[in-house]
Amino acid sequence: MEDQNQEKETIRVLVKITRYTVYMAMLAVACIIILIVILLPGQQPAKTIMANPTAGDPAIKENAGAGSARRIPADAWKAPDENLIPNNKEGEAIKYGKELIAHTGLYFGPRGTIAQITNGMNCQNCHLEGGTRYLGNNYGSFIASYPKMSGRAGKIEPASERIVECFERSLAGKAPDTTGKEVKAILAYMKWIGKDVKKGQKVVGSATEKLAFLDHAADPVAGKGIYMAKCESCHGADGEGQLNADKKSYQYPPVWGKNSYNDGAGMYRLTNLAGFVKNNMPFGATYENTQLTDEEAWNVAAFIDSQPRPHKDQHLDWKDFSKKPIDFPFGPYADGFSEKQHKYGPFGPIRASHKKRYKNS
Ligand code: HEC
Ligand code: HEC
């Protein structure tokens with residue numbers, strides 16, 4: 001009797017233990033499933049501003065997709081720490097130069113306090129964060145490469161002249177005196193931020209990204225759709241941007257139209273505009289968290305370039321036609337390609353023909 005009861009008891013205990021084990025196992029599996037669902041990235045279908053990188057995007061491998069998870073390389077150029085600007089006369093000039101780059105419109109715009117000689121845009125509208133941002137059209141390699149032979153000007157050009165060219169083209173205005181206090185201050189700032197770069201040094205992440213060429217022309221019609229969806233809310237239906245409440249400077253700078261940069265500006269060239277937009281727009285996008293595919297960046301750039309803007313007479317630029325950049329949209333050219341192809345591409349055949357023709361281009 002005793003033995004039998006004990007046996008029954010043991011079986012009962014064993015059954016209980018088994019049941020608990022099964023329950024626990026099921027609970028553990030449920031927990032793991034919940035954890036996987038919570039932690040798995042890439043669940044947001046919409047790519048909004050500042051969205052997380054999209055995992056599993058097949059375009060990541062070729063770095064061509066929007067939201068691709070790229071990392072800024074460790075050897076990328078960084079501007080020196082601003083806190084180390086010296087507390088002396090030179091330091092004053094550097095700080096003043098930075099201020100002029102950030103708020104150019106306040107000093108030189110249509111209501112400028114120093115002179116009224118520009119369209120009201122700031123240098124910083126295109127040279128982001130005072131020209132220090134990774135692939136945000138930064139000034140990292142500028143000062144070390146000047147004075148340099150300018151194909152556009154057809155002569156050896158000092159840094160101060162290159163600086164005022166942006167007043168005449170990007171700010172569609174007049175050049176300030178290169179020996180005046182303001183240009184000297186901008187120069188002091190440029191020297192400061194580029195002080196750790198040596199002549200001839202290869203600077204990682206300077207200026208804008210050179211996107212891979214499309215094998216067809218960029219498409220302004222497709223670009224219009226992107227503009228309306230992702231740019232118009234800030235830059236306006238007519239590309240006119242939006243002034244700040246004080247009407248002295250822009251909250252959102254104009255991307256075309258009478259108050260924007262002229263067609264002699266570097267930003268009017270498709271490779272510069274597409275590379276800039278890819279890594280910096282819509283505002284909030286970064287190299288590590290892009291919002292547009294390469295193709296979208298090329299197309300929206302093509303749309304912007306198909307719209308009207310101030311014209312600059314450039315017939316004295318690029319006197320040696322063979323030095324014209326492949327995306328310089330005004331003939332005559334030394335090659336047989338049309339103005340249209342030089343404006344919108346495809347650029348591959350032009351590059352290949354120049355390589356054959358000029359060897360070192
Ligand atoms: C509309 C956009 C835009 C604005 C505004 C602008 N720039 Fe630029 N800037 C560019 C682009 C794009 C380039 C590259 C041009 C090229 O490849 O020809 C450039 C090139 C330069 C360079 C040469 C950099 C190098 O490494 O060779 C300097 C210097 C410069 N800009 C200074 C200025 C200053 C100073 C201002 C304000 C007075 C200014 N820029 C305003 C777009 C702009
Ligand atoms: C949330 C607002 C916003 C959106 C959306 C936006 N931008 Fe911008 N954009 C800015 C601001 C602000 C600047 C100036 C940045 C600065 O001064 O630091 C700028 C600057 C620019 C510039 C250089 C300056 C100029 O006026 O030409 C270009 C080109 C540009 N944006 C193109 C685009 C394109 C193309 C898109 C859409 C893909 C876009 N932006 C979407 C806010 C925006």
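A: Let us begin with the surroundings of a ligand, keeping in mind that this model is predicted. Ligand 1 is surrounded by 22 residues, and the closest of them are Cys123, Cys126, Cys166, Ser170 and Gly266.

Q: Which helix gives the most to the shell around ligand 1?
A: That is helix H5, residues 159–168, which contributes four residues to the shell. Sorted by class, the shell around ligand 1 holds 13 nonpolar residues, eight polar ones and one charged residue.

Q: Which residues come nearest to ligand 2?
A: Around ligand 2 there are 21 residues, of which Cys231, Cys234, Pro253, Pro282 and Phe283 come nearest. Two elements give two or more residues to this shell, namely helix H8 (232–235) and helix H9 (270–280), and the largest share, three residues, comes from H8. By class, the shell around ligand 2 consists of 15 nonpolar, five polar and one charged residues.

Q: With which residues is Val300 in contact, leaving aside its neighbours within four places in sequence?
A: Val300 is then in contact with Gly223, Ile226, Tyr227, Cys231 and Val277. For the protein as a whole, among contacts between residues at least 6 apart in sequence, 62% join residues at least 24 apart.

Q: At what angle do H2 and H6 pack, and how should I describe it?
A: Their axes are 7 Å apart and the angle is about 100°; angles of 65 to 115 degrees count as roughly perpendicular, and H2 and H6 are therefore roughly perpendicular to each other. The residues that make the contact include Ala93, Gly97 and Ile101 of H2, together with Ala185, Tyr189 and Trp192 of H6. By class, this contact of H2 with H6 has ten nonpolar, one polar and four charged residues.

Q: How many helices and strands does the protein have, and what share of its residues is buried?
A: The protein has twelve helices and four strands, and buried residues make up 38% of its 361 residues.

Definitions and conventions. Residues numbered from 1 in each chain as written. Chains lettered and ligands numbered in written order. Predicted model: local features only at pLDDT ≥ 70, side-chain atom pairs only at ≥ 80, totals over all residues. Near = placed C-beta within 6 Å. Nonpolar A, V, L, I, M, F, W, Y, C, P; charged D, E, K, R; others polar. Contact = placed C-beta atoms within 7 Å. Buried ≥ 20, exposed ≤ 12 C-beta atoms within 10 Å, placed from the backbone. Axes fitted to C-alpha atoms, helices over the stretch in contact; angles between N-to-C directions. Parallel < 35°, antiparallel > 145°, perpendicular 65-115°, else oblique.
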